[in-house]
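These are my notebook entries on what I looked up in the structure shown below.

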Amino acid sequence: MSPRPLWIRGGRIIDPAAGLDATADLLLLDGRVAECGGEVEGPADAEVLDARGLVVAPGLIDVHVHLREPGGEHKETIATGARAAAAGGFTSVCAMPNTSPPIDDPASVGFVVAEGRRAGGARVYPVGAISAGLEGRRLAEIGEMVAAGAVGITDDGHPVMDSGLMRLALEYALPFGIPVADHPEDLGLSREGSMNEGLVSARLGLVGKPNASEDIHIVRDLLLAELTGGRIHLQHVSTAWGVEAIRQAKARGVRATAEASPHHLILTEAAVEGYRTDAKMNPPLRTGADVAAVRAGLADGTLDVIATDHAPHHYDEKESAFDDAPFGIVGLETAVGLVLTHIVGEGVIDLPTAIERMSPAAARAFNLPGGTLAPGSVADVTLIDPARAWAVDPSRFLSKSRNTPFAGLELTGKAVMTIVGGEVVWREDGSG
Amino acid sequence: MSRSAAAAAGLGKDLVGIEHLGARRITSILDTAEPFKEISERRIKKVPTLRGLTIVNLFFEASTRTRISFEFAEKRLAADTVNIGASRSSVAKGETLVDTARNLEAMKIDMVVMRHWASGAARFLAERIPSNVINAGDGAHEHPTQALLDMLTLRDHLGAIAGRRVCIVGDVRHSRVARSNIFGLLTLGAEVGVCGPPTLIPPHMRELGVRIFHRIEEAIEWAHALNVLRLQLERMEAGFVPSLREYNRIWGVSRARLAVAPEPLLILHPGPMNRGVEIDSDVADGPHSVILEQVTNGVAVRMAVLYLLAGGRPEKAEAAKAEEVA
């Protein structure tokens with residue numbers, strides 16, 4: 001049964017893919033965009049949504065989340081993650097394969113697809129493993145996984161240390177048209193590290209991961225993409241030189257896309273002071289110069305997409321000595337507020353560009369439906385109240401986990417309604 | 001001492017590190033240690049200052065001398081003490097640090113002296129239990145009582161800390177002793193150098209205001225005192241230095257090297273020493289070595305810290321030691 005038509009009236013429609021930024025109506029019918037722009041006449045049975053004062057955007061897409069299922073259900077499940085995504089304004093997410101067991105064969109890809117459909121939140125697209133068992137030794141069944149619904153491959157969490165294997169992955173993936181995503185990190189330089197290598201790590205007596213550990217693999221991956229003609233997607237870029245290397249490679253025509261994470265756009269290594277395990281992530285928070293470079297990369301399009309690297313962990317796991325705590329923070333339910341307050345609000349990019357980085361650019365990077373409100377496209381829509389003031393309260397997250405360094409932070413701007421396939425899956429007043 | 005000065009000298013609940021103590025507090029601890037030195041010289045080495053307090057010495061890493069030094073300090077102040085040793089492997093299988101702490105707390109203790117392999121562990125504990133926490137070494141972060149006893153020893157011999165040049169030699173990268181000494185000495189106005197192979201000296205140390213030497217000869221020419229760190233065998237195995245033999249040949253503190261100094265250098269070592277590796281025996285046993293005085297001062301400094309954390313006033317320390325055990 002298809003949902004009731006939705007007639008969204010009087011909002012500021014920002015559809016970067018169509019070059020549209022205007023106050024107009026949007027009509028969703030049978031899971032598709034029926035009309036977009038100007039004044040629309042909706043059918044009599046349509047639910048009318050008054051969107052005056054709101055931004056109407058193509059559904060936001062997060063290409064980098066960890067939903068932990070199977071194997072880490074105490075941290076997150078596909079269902080709780082999909083609902084947390086919807087509550088954060090995301091209509092689609094790409095689930096990383098570093099679960100237990102990992103998503104490295106067609107059956108496990110099928111499991112994620114099926115659980116995602118049952119969840120009733122954001123759409124969940126599996127990303128399969130590059131290597132069998134994430135072991136970095138031989139290729140996983142990439143073609144079979146794509147046939148089962150995988151939209152890309154990555155060994156995220158485990159960098160592909162063997163450059164020969166990375167080359168094979170980029171070559172082998174070519175006929176399937178999927179991106180090969182990499183967590184760029186040279187473990188020989190960074191293995192024992194738990195934060196950025198710098199003055200703070202020297203003072204705190206913590207082993208650091210130098211920028212070079214990330215830069216070396218970014219450069220390697222770009223060279224291998226150039227060698228093979230393959231599509232590389234660089235995850236959570238955090239270093240100044242990493243951004244510059246991608247900029248130069250793109251100018252040479254290398255087929256590369258790259259992510260910036262909200263935390264790498266906003267926080268520095270200073271957030272670790274006091275051994276705050278909620279500021280422990282990989283790659284680590286770096287220096288102010290790196291943050292400025294990541295911001296510049298986002299502004300000029302070197303970094304194509306904003307992705308959260310949503311990494312839920314149980315509070316017991318983060319309630320430990322810094323070295324013993326796992327890497328990662330949750331991001332789905334804070335991303336929109338952080339981007340609007342600190343990236344748009346501080347003039348790094350304007351609102352239409354922010355939406356571009358969080359929707360159409362993400363759709364292009366992983367060949368996903370959506371990313372536009374053009375008639376005929378999927379009816380995935382996010383309504384944002386750009387003036388809504390709120391404070392981050394982790395106890396209200398729909399995610400199972402609470403590990404965020406942004407608790408208590410006052411933000412302006414929030415997703416207030418999330419529509420997937422023409423159906424309201426979340427609304428701010430809780431009636432979704 | 002005026003009332004306000006005494007208040008400023010208060011240590012608060014815990015001694016987690018030297019970095020944020022400030023010159024007044026550090027000086028106050030050193031001054032408080034002075035009268036306690038004499039107790040250890042008596043035939044009956046005990047005063048009732050901490051009678052009735054329960055102190056747990058919680059050591060997650062093996063340590064003989066620090067634990068014993070704390071235990072002597074506690075017993076000479078008449079506290080009741082319990083020693084708990086737990087290796088990393090047994091802890092990894094069992095309960096978490098926070099559970100260990102809560103269980104101890106449930107047994108109604110007053111203070112915890114903790115040694116732990118993880119940087120930040122002492123602060124972690126201090127933030128979660130109401131008992132006083134004394135850091136007896138956390139990872140590569142801080143070892144505050146070691147730095148205090150080093151500074152007391154330096155002050156005894158150099159007359160003051162301010163304006164003196166102290167060089168820490170060896171494995172600064174992995175050393176909590178180095179960090180606590182750097183913070184404390186800089187706070188008290190000393191000039192601080194570090195010397196060793198670049199693989200064992202974090203380059204960012206320079207930003208703290210520390211002078212970096214890669215050649216021991218230059219450090220000896222510059223310094224008034226050397227604090228020589230132990231070079232652990234694991235560092236060679238992990239590839240930071242090619243061999244202990246080569247380390248001794250290039251960075252070892254030897255009598256021949258010291259002979260070129262314009263005036264004799266004071267030699268400190270936190271122990272335990274690797275004779276013939278970072279320090280030669282004729283230096284360790286030589287006329288300018290104060291290594292055993294450091295050990296003696298260690299007990300006095302730890303008595304001072306225990307006394308102050310238990311609420312003792314620096315200006316009352318002299319009177320406290322005059323009391324007798326009933």
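**Entry 1: helices H4 and H7 of chain A**

I looked up how H4(A) passes H7(A) and found a right-handed crossing. The model I am reading is a predicted one. In chain A, helix H4 covers residues 163-172 and helix H7 covers residues 211-228; their axes are 9 Å apart and the packing angle is about 45°. That angle makes H4(A) oblique to H7(A). I then listed the residues that meet. From H4(A) they are Ser163(A), Met166(A), Arg167(A), Leu170(A) and Glu171(A), and from H7(A) they are Arg220(A), Asp221(A), Leu224(A), Ala225(A), Leu227(A) and Thr228(A). I sorted this contact by class and noted five nonpolar, two polar and four charged residues.

**Entry 2: helices H7 and H8 of chain B**

I turned to chain B, where helix H7 (residues 144-158) packs against helix H8 (residues 176-187). The angle is about 55° and the axes are 8 Å apart. H7(B) is therefore oblique to H8(B). I recorded the crossing of H7(B) and H8(B) as right-handed. On the H7(B) side, the contact is made by Pro144(B), Gln146(B), Ala147(B), Asp150(B), Met151(B) and Leu154(B). On the H8(B) side, I wrote down Val177(B), Ser180(B), Asn181(B), Gly184(B) and Leu185(B). The residues of this contact between H7(B) and H8(B) are six nonpolar, four polar and one charged.

**Entry 3: helices H2 and H7 of chain B**

I next asked at what angle the axes of H2(B) and H7(B) cross. Helix H2 of chain B spans residues 23-37, and its axis crosses that of H7(B) at roughly 75°, the two coming within 10 Å. H2(B) and H7(B) are therefore roughly perpendicular to each other. H2(B) brings Ile26(B), Thr27(B), Ile29(B), Leu30(B), Asp31(B), Ala33(B), Glu34(B) and Lys37(B) to the contact. These meet Leu148(B), Met151(B), Leu152(B), Arg155(B) and Asp156(B) of H7(B).

**Entry 4: where the chains meet**

I looked up how many residues the two chains bring into contact: 22 residues of chain B touch 17 residues of chain A. The chains bury about 1600 Å² between them, and 54% of that lies on carbon and sulfur atoms. Three salt bridges are found across this interface of chain B and chain A. I also noted the salt bridge between Arg128(B) and Glu319(A), whose closest N and O atoms are 2.7 Å apart.

**Entry 5: salt bridges**

I reminded myself that side chains of opposite charge can pair when their charged atoms come close. I found 45 salt bridges in the structure over all chains. One that I looked up joins Glu185(A) to Lys209(A), with the closest N and O atoms 2.6 Å apart. This pair links distant parts of the chain, the two residues being 24 residues apart. Glu185(A) is in the loop between strand S10 (180-182) and helix H5 (187-190) of chain A, while Lys209(A) is in strand S12 (residues 208-209) of chain A.

**Entry 6: the backbone of chain A**

Before this search I wrote down that most residues other than glycine have a negative phi, and most peptide bonds are trans. I found a cis peptide bond from Ser100(A) to Pro101(A), with omega near 0°. Pro101(A) lies in the loop between strand S7 (90-95) and helix H2 (106-119) of chain A. Asn282(A) and Pro283(A) are also joined by a cis peptide bond, with omega about 0°. I placed Pro283(A) in the loop between helix H9 (262-266) and helix H10 (288-300) of chain A. Lastly, I noted that Asn367(A), a residue other than glycine, has a positive phi, near 55°. Asn367(A) is in the loop between helix H14 (360-365) and strand S16 (381-391) of chain A.

Key:
Residues are numbered from 1 along each chain as its sequence is written. Chains are lettered from A and ligands numbered from 1 in the order in which they are written. This is a predicted model: local features need pLDDT of at least 70, side-chain atom pairs count only at pLDDT 80 or more; totals for chains, interfaces and linings use all residues. Side-chain values use heavy atoms; hydrogens and water are left out. Axes are lines fitted to C-alpha atoms, for helices over the stretch in contact, and angles run from 0 to 180 degrees between N-to-C directions. Helices (H or I, at least four residues) and strands (E, at least two) are DSSP runs, numbered from the N terminus. Angles under 35 degrees count as roughly parallel, over 145 as roughly antiparallel, 65 to 115 as roughly perpendicular and the rest as oblique. A crossing is left-handed if the near helix is turned anticlockwise from the far one by less than a right angle, and right-handed if clockwise. Contact means heavy atoms within 4.5 Å. Ala, Val, Leu, Ile, Met, Phe, Trp, Tyr, Cys and Pro count as nonpolar, Asp, Glu, Lys and Arg as charged, and the others, Gly among them, as polar. Buried area is the accessible area (1.4 Å probe) that two parts lose on being put together, summed over both. A salt bridge is a side-chain nitrogen of Lys or Arg within 4 Å of a carboxyl oxygen of Asp or Glu.
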